[in-house]
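Here is my note for you, as a few numbered points. Have the structure open while you read.

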Amino acid sequence: MEIKQGYNIQPAPQWADTLTNEQLIKLCEDTPFATKQIDEGRDFCYLLNKYFYVDDQQNADYALMAYTLTQPENLERASMNDMILEENECYDIHRIAVIREGAYIDKLPDTNIKILDNENNSNGGIISKSKKINISIRDLRLYDILILEDTRTKVFSEKEFVRRDFVKHIYLTPDTYWAYGKYQYKFINNREKKVAYKRFFFRDQEGNVLDQPIEYLEKGEIFEIEHTDYINPVDVNREIFPFIDFATESTWKDLSNYIYPLYEEVFKEADLRAFAPDLVEKMDKLPSLEEQIQFAIEYVQNNIYYTYNADEMNGHKPQAPAITFQNKQGDCKAKCVLLKTILDYLKVETSIALVNYNADFYLKYYLPSLLSFNHVIVKIHYQDEDYFVDATSRNEFGRLQKRTILSFCHYMEIKPEATLQVRKATHFDLPCIDEHVKIAVHGDKGKINLRTTYRYNRANNMRNYFRQTNKKELIDGWNRFLFYNLNYINDRSEQDIREIFKEATIKIEHDDKKENELVIAYEATILKPYFTNKEGQEFLMYFDHSVLKKDLLEFRHKDSSYWHNYDSEHYLIELQADKPIDTKEKYTIQELNIQNEYFTYITKKTIQKTSGSVEITYTPLTNIEITLANIQALKEDYNRIGDSNFGLGIDILPKGLFGRIKTWFK
């Protein structure tokens, strides 16, 4: 079954049980609740009916909404908007009208509708057969009540057999932006298979999250929610929006057994020697298995063009690797299947894994569904360790142990009897950032040298940054970073950084693409290198605030765990003054040694008459979910780092005997 993509103007479907014009006028009369909300300046929705209808050929999303145009921004948004339609999706307009001074006015004659190709999504590796519907409504006025009634219908094509066999729908509670006079939601199941659903993050009167059971809808049954005079009470800054997950009843094992034969069939027919003899010959000449693995990954990432097509991604039927190799293009499934075929030839243990980077946190809550995933990657088991490779990435380097570390928690391998898995947390063998900072002061000038080695993700990202950025912009970026680290923001905030850092140079000193190590060297002359406070006291300091992990320290969520995903870091900071310093100052000499379940942080200092140095080693356990019960203790340890343990500051002794005596009694 296929429909013409675009729009129709036609009556609402029978299952929507629409309202008459007279009923709408009655519902849009101001009640005491409506008057109170409007007087307080809140945008008011008199009516919102949202129905989701499913059967074995299509999904349909129906909405009937009547809301105020009391704000110029709402009037502007309502007058012109765009809607993106997938392939085989149609937009049915049932009603566009306003209620103005109590009278119902049909606005369809004042509506202009255009169908455009969705060019915004037709580049960067994306194949887009989607359309953009542009809708403009003339002569909308402030204080109109706008009425919109429409349905988006998605008919399943043959290649979308997963959508045809399995339903997946997430219901979110109403937007907190509006106050609602009447609100109604329905999930209408007309599929042959039973649909399971479960409520998540709904609360009791005290605000405690309820643990609710899985329930079911048979064919012909309807799930319904209704509210009258309603404002959603969820605290969007501290709470997860309540949602309901609807999915065809299944288990993870059933789903893996459903999809595995599709991939098994492709791999059985794949013969790398037959369709890529030149590639095989090149790999066979490489001296080690590690170099062969690196070559295979980088070949697929950089030589096979990534074509993303959301409709085909949901089809889940992979393209044969011979076709991908011949055409030099494919979606994430095709690229991963080709990479696995090459690694199978090398007798490296691999599997295809389903992930969803965007909804990773929710996968542990969702009911089992293949439609919860939106991406495919390759899992490589090598020398007793698991590595994950995104075949759609580009410009990544290094042998397997030194490549980009992907950030996600949950995945499902495409294997018989597979289940949803939690990946093992990651430790870095070497620092991702390994930096040596040296500042030496002579008179009114200072010389600063930074030599930074980047590894893993950091090396790949920094290569890309240098390739895409001109030299002046690079130097300005480093200068701004140092402007804060040296605390000049607090004694010369208005000064142009180019007037502080003179003769600055930056270059790539070394680039090892096998070990994936990139060394950047920066140096400059600093005018007036000492930071001077309001009392005239001088300091030489270097504090890299990125070590503080402020996003964790500021984390205050009631419901969600914290994703601990940090790079390992090592710093050697050397500060050389040309004047005597206070060698007994508390923060200058204090060291730190933190060792907990999630990270170690060690500082070692050497303080002399006119200089100081500190070595900082930060080794986190990364790619791990920190539960709410463990966050506070973790914050307390990170707060200890913030107590002047994330860099080094040395105090210049005041001139004269009296000034020095004062420092003894600080």
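1. Let us start with K379, which counts as buried because its relative accessibility is 9% (buried means under 20% relative accessible area, exposed over 50%, partly exposed in between, with a 1.4 Å probe and protein chains only). Its salt-bridge partner is D386, at 3.8 Å from N to O; the term stands for a side-chain nitrogen of Lys or Arg within 4 Å of a carboxyl oxygen of Asp or Glu. D386 is partly exposed, at 36% relative accessibility.

2. A word on the basis: this is a predicted model, where local features need pLDDT of at least 70, side-chain atom pairs count only at pLDDT 80 or more, and totals for chains, interfaces and linings use all residues. Residues are numbered from 1 along each chain as its sequence is written, and side-chain values use heavy atoms, leaving out hydrogens and water.

3. Please also look at E515 and R399, whose side chains form a salt bridge of 2.9 Å, N to O. This pair links distant parts of the chain, 116 residues apart: E515 sits in the loop between β25 (501-512) and β26 (517-527), and R399 in the loop between β20 (385-389) and β21 (410-413). Strands here are DSSP runs (E, at least two residues), numbered from the N terminus. R399 is buried, with a relative accessible area of 18%.

4. Next come E517 and R455, bridged at 2.8 Å, N to O. Here strand β26, with E517, is tied to strand β24 (residues 445-455), with R455, across 62 residues. Both E517 and R455 are buried.

5. How many salt bridges does the structure hold? The count is 47.

Terms used. Helices (H or I, at least four residues) and strands (E, at least two) are DSSP runs, numbered from the N terminus.
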